[in-house]
Amino acid sequence: MGPVSLPAWLQPRYRKNAYLFIYYLIQFCGHSWIFTNMTVRFFSFGKDLGCDLGFTYYICFFNSLDTDSMVDTFYAIGLVMRLCQSISLLELLHIYVGIESNHLLPRFLQLTERIIILFVVITSQEEVQEKYVVCVLFIFWNLLDMVR
């Protein structure tokens, strides 16, 4: 019996590509879910604009429900956002080990900024979680990560 050859996708030169494909697929699915959830919530619940802006029936109906999709963004998708940002820390390991050929310092600064804002500022302070800037920040982060 001769040596057993591995399937092509298990050979060493393909493992790195398969791993990176799975990693980026998971990240893409997570950020796509967050972005889709935020978009659906915005179109379903709307933004609380008050009843005096001309859209009286539509806006007043949603005001009576006392919901605002932008205010409770963190409560709806915060856990998945924290999970995606935590997983993104693996990118530093990818660069350090040599799986990816990016520069370490810019990626380190970007991830550090996101982790500090998400975990230290937003997660730890309840009054910040209800701000509109959290929704806008999450939209921009997800758009950038889905394109990347």
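Author: Helices (H or I, at least four residues) and strands (E, at least two) are DSSP runs, numbered from the N terminus. The model is predicted: local features need pLDDT of at least 70, side-chain atom pairs count only at pLDDT 80 or more, and totals for chains, interfaces and linings use all residues. Residues are numbered from 1 along each chain as its sequence is written, and side-chain values use heavy atoms, without hydrogens and water.

Reader: How far apart are the end C-alpha atoms of residues 21–40?

Author: An unreviewed UniProt entry annotates residues 21–40 as "transmembrane region", and such annotations may be inferred rather than shown by experiment. In the model this stretch is 100% helix and 0% strand. Its end C-alpha atoms are separated by 28 Å.

Reader: Are H4 and H5 roughly parallel or roughly antiparallel?

Author: Their axes (lines fitted to C-alpha atoms over the stretch in contact, with angles from 0 to 180 degrees between N-to-C directions) come within 10 Å and cross at roughly 170 degrees. Angles under 35 degrees count as roughly parallel and over 145 as roughly antiparallel. H4 and H5 are therefore roughly antiparallel.

Reader: Which residues of H5 make the contact with H4?

Author: Contact means heavy atoms within 4.5 Å. H4 contributes Glu91, Leu92 and Ile95. From H5 come Leu104, Arg107, Phe108 and Leu111.

Reader: How far apart in sequence are the parts that Arg41 and Asp72 tie together?

Author: The two side chains form a salt bridge at 2.5 Å, N to O; the cut-off is a Lys or Arg side-chain nitrogen within 4 Å of an Asp or Glu carboxyl oxygen. Arg41 lies in helix H1 (residues 12–45) and Asp72 in the loop between helix H2 (56–65) and helix H3 (73–87), so the separation of the parts is 31 residues.

Note on methods:
Parallel < 35°, antiparallel > 145°, perpendicular 65-115°, else oblique.
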